[in-house]
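User: I have a model open and want to learn how to read it. Where do I start?

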Amino acid sequence: MRFVRVVTPFVLLLPFAVSAQVRQEGEERADVAPSNWSIGIAGGIRTELYAGEGNHTRAIPFFGYEGERFYFRGITAGYHLIQNESFVLDGFLSGRLDAMDANDFGRRDLARRGINRDLLEDRDDSVDAGVSASWRGSAGEVQLELKGDIADVSGGYEADLSYRYPMKAAGLLITPTVGVSMLSKDLANYYYGTLDEEVARGVVSYRPGSVTIPYVGVSLAKPFAQKWRFIANLTYQVLPDEISDSPLIAEDTDGVGQAFFGVSRSF
């Protein structure tokens with residue numbers, strides 16, 4: 001069986017899942033042509049994470065390129081430093097699309113916790129640089145990814161360890177995945193805690209510190225009409241108490257799910 005690399009996203013926003021499918025699609029065709037282009041569109045939904053946000057929906061276009069060394073997959077650009085049948089080492093740059101507009105928080109939800117929404121700052125997107133190492137064999141694939149914020153938005157870093165086992169059934173490429181992501185305290189504090197400038201205005205101080213987040217997921221891919229492909233991804237994260245207890249997170253949120261569906265065409 002020929003195994004295909006698939007990245008299960010840690011972050012819950014749609015573009016990361018799209019990037020994973022572009023990556024999978026490109027590597028499936030790696031033995032057909034030395035370089036490949038793909039374009040597509042996808043839409044998805046994430047269950048409520050931040051207080052008063054409600055379910056988060058998004059639709060985006062995306063495109064990918066797979067060369068012998070260089071690749072571009074949605075919001076990730078990388079270079080194969082080492083590449084053979086059983087081991088791949090990449091260096092990459094990737095967008096972190098975890099931004100949250102302060103106005104998107106629910107005013108009443110925050111008020112019940114003694115927080116004035118007008119005193120909050122936006123959480124911004126960022127850019128990460130990192131390395132990814134993958135080991136693959138007949139029992140599946142293990143991947144370790146390390147990346148850090150180079151735009152100095154949070155100043156934090158993330159480590160992700162995952163296992164996946166691609167399989168084919170009824171014309172579908174099905175890839176179940178289990179993994180765990182570890183966020184540094186700077187990264188977790190920025191996106192899930194309250195900031196120093198907010199605390200200075202009277203917002204309650206909350207800093208989750210470094211956190212570990214386990215997740216499970218499954219990716220589906222189905223080719224049709226020669227150059228077209230249907231893609232889908234389902235992911236569920238179990239949130240630790242350090243995140244779920246944050247005053248910025250929706251009440252009784254112990255986990256967050258995401259689903260997306262899309263189509264792509266290769267060239």
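Analyst: Start with confidence. pLDDT is the predictor's confidence in each residue, from 0 to 100. Residues 29-35 stay under 50. The model has 12 contacts (heavy atoms within 4.5 Å) for them beyond four places in sequence. The chain averages a pLDDT of 87, and 87% of the residues score at least 70. Over residues 1-20 the pLDDT is below 50.

User: What are the ground rules?

Analyst: This is a predicted model: local features need pLDDT of at least 70, side-chain atom pairs count only at pLDDT 80 or more, and totals for chains, interfaces and linings use all residues. Residues are numbered from 1 along each chain as its sequence is written, and side-chain values use heavy atoms, without hydrogens or water.

User: How do I read a strand's faces, and which side chains of strand 1 are buried?

Analyst: In a regular strand the side chains alternate between the two faces of the sheet. Strands are DSSP runs (E, at least two residues), numbered from the N terminus. In strand 1 (residues 36-46), Asn36, Ser38, Gly40, Ala42, Gly44 and Arg46 point to one face and are buried, meaning under 20% relative accessible area with a 1.4 Å probe, protein chains only.

User: Which strands pair with strand 1?

Analyst: Pairing takes at least two DSSP bridges between two strands. Strand 2 (residues 56-66) pairs antiparallel with strand 1 over 11 bridges. There, Gly44 has Arg58 as its bridge partner. Strand 13 (residues 255-266) also runs antiparallel to strand 1, joined by nine bridges. Ile45 stands opposite Ala259 in strand 13.

Notes:
Buried means under 20% relative accessible area, exposed over 50%, partly exposed in between (1.4 Å probe, protein chains only). Helices (H or I, at least four residues) and strands (E, at least two) are DSSP runs, numbered from the N terminus.
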